[in-house]
Amino acid sequence: MQTLKTHAVHGGTLRYLRHDSTATGTPMTLSVFVPPGEGPFPVLIWLSGLTCTEDNFTTKAGAYRAAAEHGVIIVAPDTSPRGEGVADDDAYDLGQGAGFYVDATEAPWAPHFRMETYVTEELIALIDAEFPTTGMRGLSGHSMGGHGALTLALRHPDLFRSVSAFAPIASPTRCGWGEKAFTAYLGPDRDAWAGHDAALLIEAGAARGRFDDILIDQGDADGFLVDQLKPERLQAAADAAGQRLTLRMQPGYDHSYFFMASFIADHVAFHAARLKA
């Protein structure tokens, strides 16, 4: 991986990196924070939301003080493949910047939009090869990235020991953002969508016996709460499956990174406790 720039922060080191991805067939960018000390350290992978790059979380979330205190590496990849020859759309909720963390099966998206494989296979292997990791890792994310964190953890529980999310798209098969993206990336067969819907996966028991708790923070002043996010579907699915899920409705908070910056330390501590157990 090529180091683009390096910063010292909270006694640790933050690197912006780029590499040629075999999963997406494009260059991919990411940031990696390594806490002070020799390690090895557990890893928290953060997945960002619609329109974001690796820079949004890195510069806005304020996560690195907590990561330094708890001794956790934080990895923040870009949200999709990008570049000349990569399919795109004029809308903000489809195409570049809107990968939805699935492997697309439909044209023109299939050649490059393979974000599930990128995160669960290529990215993990690169981080474990290049940094002092313990092999223990968790997933977190925001909005579209919250959807990605939940579904990838539930689909690949052998890879992840902990999972949390901020304002996740809880049930993309039942909201406008998800229906649009899944139709484009996965085709019209709704049965193919179900395996990428966190609420449906939890209801089917995908988390049972694998995650002792799932932490969700949601602002009650979020403009997308009712039409797109629907966190109550996660709670209902967890109740039906007998799965512990902590849904914290935070009064007055919206969908912005001000919300995440207010509670990110709780999430880092939540993951550290499980990744070091």
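This is a predicted model: local features need pLDDT of at least 70, side-chain atom pairs count only at pLDDT 80 or more; totals for chains, interfaces and linings use all residues.

Trainee: How do the rings of Phe 100 and Phe 182 sit, and what are the centre distance and plane angle?

Mentor: Their centres are 6.3 Å apart and the planes make 75°, so the pair counts as edge-to-face. The cut-off for that label is over 60 degrees.

Trainee: Where in the chain do Phe 100 and Phe 182 lie?

Mentor: Phe 100 is in the loop between strand S5 (73-77) and helix H3 (115-130), while Phe 182 belongs to helix H5 (residues 176-186). The pair therefore ties together parts that are 82 residues apart in sequence.

Trainee: OK, and how many aromatic pairs does the structure hold?

Mentor: It holds 14. Another of them is Tyr 253 with Phe 259, a tilted pair at 5.8 Å centre to centre with 40° between the planes.

Trainee: Tyr 253: buried or partly exposed?

Mentor: Tyr 253 is partly exposed, because its relative accessibility is 29%. Phe 259 has 0%, so that one counts as buried.

Trainee: Which residues form the aromatic cluster?

Mentor: Phe 33, Trp 46, Phe 57, Tyr 64, Phe 166, Tyr 253, Phe 259 and Phe 263.

Trainee: Let's switch to H10. Where does helix H10 bend, and by how much?

Mentor: H10 covers residues 257-275 and bends by about 50° at Phe 263. Phe 263 is one of the buried residues in H10, along with others including Met 260, His 267 and Leu 275.

Trainee: What goes on at the start of H10?

Mentor: A side-chain oxygen of Ser 256 comes to within 3.2 Å of the backbone nitrogen of Phe 258. Further along, Arg 274 lies over the face of Phe 270, 3.8 Å from the ring centre.

Trainee: Now Asn 56. Which backbone nitrogen does its side chain reach?

Mentor: That of Thr 53, at 2.9 Å. Asn 56 itself is in helix H1 (residues 54-60), and it is buried because its relative accessible area is 18%, with the cut-off at under 20%. Not counting residues up to four places away in sequence, Asn 56 touches Ala 61 and Tyr 257.

Trainee: Last one: where is His 196 found?

Mentor: In the loop between helix H6 (190-193) and helix H7 (198-203). His 196 has 8% relative accessibility, so it counts as buried. Leaving aside neighbours within four places in sequence, its contacts include Glu 116, His 147, Arg 155 and Phe 182.

How values were computed:
Residues are numbered from 1 along each chain as its sequence is written. Side-chain values use heavy atoms; hydrogens and water are left out. Helices (H or I, at least four residues) and strands (E, at least two) are DSSP runs, numbered from the N terminus. Buried means under 20% relative accessible area, exposed over 50%, partly exposed in between (1.4 Å probe, protein chains only). A polar contact is a pair of N or O atoms within 3.5 Å; within protein, one must be able to donate a hydrogen and the other to accept it, and residues adjacent in sequence count only if both atoms are side-chain atoms. Contact means heavy atoms within 4.5 Å. The bend at a residue is the angle between axes fitted to the seven residues ending there and the seven starting there. Rings of Phe, Tyr and Trp (its six-membered ring) pair if their centres lie within 6.5 Å; planes under 30 degrees apart count as stacked, over 60 as edge-to-face and the rest as tilted. A charge sits over a ring if NZ of Lys or CZ of Arg is within 6 Å of the ring centre and within 35 degrees of the ring normal.
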